[in-house]
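Visitor: I am new to this structure. Please take me through some of the terms used for it and show what each one rests on.

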Amino acid sequence: MNQQRTKWTIDSFLLHVLSFLLLWEWLRPVEQLTGTNPIGFFVGFIAGSLLLAFLGVPRLVSAILKMIYILFCIQFIHYGSFGTMMNLFLSDVIQNTGLILKGQWTELSDSIRTLLFFSLLWITVYLIHYWLMIRSNILFFFFATIVFITVLDTFSPYSAQTAIIRSVLIGFVLMGILAFRRLTDSKTQSMMKLKWMVSVAVFVAGSTAIAFAAPKADPVWPNPVPFVKSLGGSGNTSTDETGGGGFRSDDSELGGPFLPSSEVVFTAEVEEEHYWKVDTRDEYTGKGWISSSPDEQPLTFRRRVPPSFFSFTEEVPSEERTSIVYNEEDYGYIPYPHGLERIEAASSYRYELNEGTDKITAINGDEQEVPASYSVQYKHPSFRAEELQNSSSEEAGASFQAIANRYTQLPENIPPQIRELALDITEEHETWFEKAKAIEAYFSSSGFTYEQVDVPVPSEDEDYVAQFLFDTRRGYCDNFSTSMAVMLRTIDIPARWVKGYTEGTYLETTESGNQLYQVTGENAHSWVEVFFPGIGWVPFEPTQGFTNAAVPELEATSQTPVNEETPTETPAETPEQPAVEEPTQAEEGLDEDSGEASEVNAESFLNTNWKAIAFLAGAALILAALCYRYRRKWLPFYYIFMFKQKKEDHHFPQAYLVLLAQLDRSGLKRKKGQTLSGYAKEIDTQFSSSTMSGLTAHYEQYLYRDRLPNGTWNHARNEWESLMKKTSS
């Protein structure tokens with residue numbers, strides 16, 4: 001008896017230790033990503049809980065010991081002394097319970113969050129013990145661990161390379177031990193078990209050694225992060241040295257990985273989506289960007305921006321638009337769209353424009369402070385490709401020379417390969433616009449990869465752009481935009497580097513028809529603006545996966561013959577059509593308009609809500625799969641409910657067949673050629689009763705004599721229901 005106990009304890013001990021190590025992998029990222037400290041309290045709770053389960057401590061005693069440990073940890077972490085905890089903890093529990101009932105999860109106190117996290121670990125440990133000792137199957141938790149770690153490795157700064165290896169090792173050993181336990185009984189000799197476990201350990205260790213020693217091929221699939229985030233319209237460029245709103249505090253040394261910030265900066269109500277500018281840079285240093293005139297005295301204005309704030313000329317076709325900004329955080333600066341004309345806010349506000357960077361800050365009284373909400377009036381440009389192609393430096397005025405000198409600046413030690421590459425890309429193009437579009441398109445067709453984490457910092461003697469173009473060929477928006485701006489400057493085309501935000505994440509359409517977008521630190525972005533004489537500053541978007549609505553497209557010129565694919569212009573004036581008085585025609589026209597409107601509304605609804613529809617469809621699919629997977633659990637109660645209303649004897653045969661099907665689903669299958677009586681005896685042996693034999697006798701009487709005594713179903717109903725319920729357990 002003692003020997004059996006020892007063998008069982010060894011198996012159980014190994015399973016509990018391995019499950020502790022597997023669960024520990026869930027806690028390792030918590031400390032790095034959330035700053036939770038000290039994490040050792042939670043690791044100790046897991047170890048202690050599994051130890052209590054292994055020792056078989058009664059549940060009540062185990063629960064008391066766990067509660068004492070949790071209260072001690074909360075007191076040590078949050079209250080300092082036991083007396084302080086006694087005075088405050090109970091009131092915290094009552095107050096936070098109200099917040100939970102109201103759904104205000106973000107306002108919970110730290111002590112209650114710690115309590116909830118301990119509760120989650122408690123439930124997890126219980127489930128693991130159930131899977132190990134009752135179900136002898138840890139596959140689901142092992143699979144969930146691998147998915148959890150790989151998702152964090154892909155979408156967060158957490159590096160899970162060794163974590164994945166550890167988890168696979170632990171999981172394989174766990175499944176090997178559990179598989180052996182399922183295949184053997186308690187009488188198996190300990191030596192045989194030892195050989196099995198040693199074999200599993202040698203197999204896993206050998207596989208791991210081969211995996212480490214074997215040569216590794218480069219990844220076949222591209223990094224999915226940029227594509228996934230481009231679907232949501234977010235462009236992450238906040239670095240590990242971020243300033244307010246997801247921006248670097250210093251752009252003079254670019255490069256290296258970055259941590260995206262999910263903090264909401266502002267919410268915007270717009271007539272049409274657009275990028276948001278914050279400031280620009282004009283001087284490239286070889287490592288990053290600085291302003292050539294950082295100490296320039298700012299211009300102060302109240303509402304309308306000064307004339308020196310220049311985006312594009314009045315000759316560019318444009319439409320008056322208005323966007324409303326609702327600030328969530330006060331970062332001091334004013335994000336604004338291209339073509340800004342006017343800022344409307346409370347009368348106490350004035351604004352300062354830095355002419356060197358085009359950055360606008362808000363002043364309230366004597367303090368720098370952005371308004372809680374403000375509106376920006378701007379001109380939305382429609383840049384025409386033909387006019388951009390006709391723009392050239394030969395036709396520019398004298399003022400253009402100052403712009404050209406400033407925005408074609410490059411450091412003296414700029415690598416000549418950059419200019420050679422720019423000339424090679426643009427050698428078949430003549431106009432500035434065609435050359436700019438060629439360089440813009442170069443990054444999406446030449447093997448460049450959008451990467452957020454594995455982005456190196458250039459060495460002391462290495463140029464930032466040259467490293468990206470000729471060495472790594474991977475990076476985020478700062479790499480793409482800086483490289484385009486510098487290449488344009490090497491061929492004497494004025495360009496500047498722009499910082500700001502993408503349009504953000506769409507939330508909803510308001511009653512007024514405007515669109516509501518949420519802009520977070522993850523939407524921080526950089527792009528390029530190119531100066532065209534006679535037109536002004538024109539934005540370009542070289543970063544893979546991003547689209548700026550203001551970027552002009554390369555179109556056919558007026559000399560190009562119009563083919564079937566070239567849209568023709570609509571005449572400016574359309575003659576009025578005579579009114580149609582026939583009621584039948586009017587009704588037909590109304591029907592056509594209604595049909596078109598319904599199609600547009602349906603398409604608009606799908607475009608707006610496709611994420612919610614996909615989520616609901618996925619949830620419904622998962623729910624249906626779960627219902628089918630666990631139908632053995634709930635189908636008995638469904639049939640019991642259905643047969644409650646059926647009192648006639650002729651329903652008994654149908655109920656008996658339902659019982660046979662349920663027994664089959666429960667794993668109590670009837671052997672081929674086995675009689676119903678023999679099968680009934682096996683079922684009665686399984687459930688220690690004679691219920692199945694009695695029901696079978698009634699069914700055989702019906703089957704062979706084609707009749708049932710009166711009241712058979714009423715007498716057999718309770719026994720049938722009892723057996724149906726037993727099959728679900």
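Guide: One place to start is T696, which touches Y656, L676, S677 and A680, leaving aside residues up to four places away in sequence. Contact here means heavy atoms within 4.5 Å. The model is predicted, so local features need pLDDT of at least 70 and side-chain atom pairs count only at pLDDT 80 or more, while totals for chains, interfaces and linings use all residues. Residues are numbered from 1 along each chain as its sequence is written, and side-chain values use heavy atoms, with hydrogens and water left out.

Visitor: Why does T696 count as buried?

Guide: Buried means under 20% relative accessible area, exposed means over 50%, and partly exposed lies in between (1.4 Å probe, protein chains only). T696 has 1% relative accessibility, so T696 counts as buried.

Visitor: What makes the link between T696 and Y656 a polar contact?

Guide: The term requires a pair of N or O atoms within 3.5 Å; within protein, one must be able to donate a hydrogen and the other to accept it, and residues adjacent in sequence count only if both atoms are side-chain atoms. The side chains of T696 and Y656 are joined at 2.8 Å. T696 itself is in helix 20, residues 691-705.

Visitor: What is counted as a helix or a strand, and how many of them does the protein chain have?

Guide: Both are DSSP runs numbered from the N terminus: helices are H or I with at least four residues, strands are E with at least two. The protein chain has 21 helices and 18 strands.

Visitor: Why is the pair of F20 and W24 called tilted?

Guide: Rings of Phe, Tyr and Trp (its six-membered ring) pair if their centres lie within 6.5 Å; planes under 30 degrees apart count as stacked, over 60 as edge-to-face and the rest as tilted. A search of the whole structure finds 46 aromatic pairs. For F20 and W24, the centres are 5.6 Å apart and the planes are at 35°, so the pair is tilted. The two residues are four apart in helix 1 (residues 2-34), and therefore separated by about one helical turn.

Visitor: Are F20 and W24 buried or partly exposed?

Guide: F20 has a relative accessible area of 16% and is buried. W24, at 29%, counts as partly exposed.

Visitor: How do you know that the charged end of R28 sits over the ring of W24?

Guide: The rule asks for NZ of Lys or CZ of Arg within 6 Å of the ring centre and within 35 degrees of the ring normal. The charged end of R28 meets the rule over W24, 4.3 Å from the ring centre. Another case is R496 over W537, at 4.0 Å.

Visitor: What makes strand 8 and strand 9 a pair?

Guide: Two strands pair if DSSP finds at least two bridges between them. Strand 8 (residues 349-354) and strand 9 (residues 359-364) have six bridges, in the antiparallel sense. One of these joins Y349 to N364. The two strands form a hairpin with four residues between them, where D358 has a positive phi of about 65°.

Visitor: Which strand pairs with strand 9 over two bridges?

Guide: Strand 10 (residues 367-368) does, again in the antiparallel sense. I363 stands opposite Q368, and G365, in this hairpin, takes a positive phi near 70°.

Visitor: What is the order of strands in the open sheet, and which are its edge strands?

Guide: The order is 5-8-9-10, with antiparallel pairing. Strand 5 (299-301) and strand 10 are the edge strands, because each pairs on one side only.
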